[in-house]
Amino acid sequence: MAEDLKIASGSREEQYRSLVPQIKALTEGETDFIANLANISAALKEQFGFFWVGFYLVKGNELVLGPFQGPVACTRIAFGKGVCGAAWKEGTTLIVPDVDAFPGHIACSSLSRSEIVVPFFRGNEVAGVLDVDSEHLNFFDETDRKYLEEIVFSIK
C-alpha cells in the first residue's frame, strides 16, 4: 500500500472504521516492529489530532519511550507508576477522564487532561503500551477502547 492515509470524517466510530483497515494495510507484511509502531502513531495523530500518541516499550523493569507523535515526552516510566505503568502492571486498558485525579499521575505535559493507555502483549507478557493523551477532559470512551485494542492486538 502506498503510504497515503485517507482521513475520514463522521463520528469517531466511523473514523476508526475507516482507519483500522488502513493501519492493517500499512503494517501487514512489514517486519520492522519500530517502523510499524511509528506508522500507527502517525496514522492515529493524523486522523484524530490527538495531543500525544505513542508507544512505551517494556525494557527490564521500566517502560522506555518508543515511536510517538506530539510534544517531547517522559523517557522512562517505572512499573506500576502513572497511568502507563499501571496499565502495564494490570495488563488492561485504562481510561482516565481527568489525569489530575489519577493517583500518582506522571505529568509529562501539563497540557494533557485525559488519557487512554492500552497494553499490548508478546505471548502472555505485556510488551508495551499505546498511550494516547488529549488536552480535553473526559475525551476517551469505550469506542476508543474497542478500536485501539483492535489496533494494538494486531501488532506483531
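How do helix 1 and helix 4 lie relative to each other, roughly parallel or roughly antiparallel? Let's start there, everyone, keeping in mind that this is a predicted model.

The axes of helix 1, residues 12-27, and helix 4, residues 142-153, cross at roughly 5° and come within 10 Å. Angles under 35 degrees count as roughly parallel, so helix 1 and helix 4 are roughly parallel to each other. From helix 1, the contact uses Arg12, Glu13, Tyr16, Arg17, Val20, Ile23 and Lys24, and helix 4 brings Thr143, Asp144, Lys146, Tyr147, Leu148, Glu150 and Ile151. By type, that contact has seven charged residues, six nonpolar and one polar.

Let me pick out threonine 143, which sits in helix 4. Leaving aside residues up to four places away in sequence, threonine 143 touches Arg12, Glu13 and Tyr16.

Now over to the strands, and strand 6 in particular. Strand 6 spans residues 125-134, and nine of its ten residues are buried. Which strands pair with strand 6? One is strand 1, residues 52-59, antiparallel to strand 6 over six bridges; here tryptophan 52 stands opposite aspartate 133. Another is strand 5, residues 114-122, also running antiparallel to strand 6, with nine bridges joining them. In that pairing, phenylalanine 120 faces glycine 128.

Strand 5 and strand 6 make a hairpin with two residues between them, and in the turn glycine 123 has a positive phi of about 65°.

Definitions and conventions. Residues numbered from 1 in each chain as written. Predicted model: local features only at pLDDT ≥ 70, side-chain atom pairs only at ≥ 80, totals over all residues. Heavy atoms only, no water. Buried < 20%, exposed > 50% of the residue type's maximum accessible area, 1.4 Å probe, protein only. Helix = DSSP H or I, 4+ residues; strand = E, 2+ residues; numbered from the N terminus. Pairing = 2+ DSSP bridges. Contact = heavy atoms within 4.5 Å. Axes fitted to C-alpha atoms, helices over the stretch in contact; angles between N-to-C directions. Parallel < 35°, antiparallel > 145°, perpendicular 65-115°, else oblique. Nonpolar A, V, L, I, M, F, W, Y, C, P; charged D, E, K, R; others polar.
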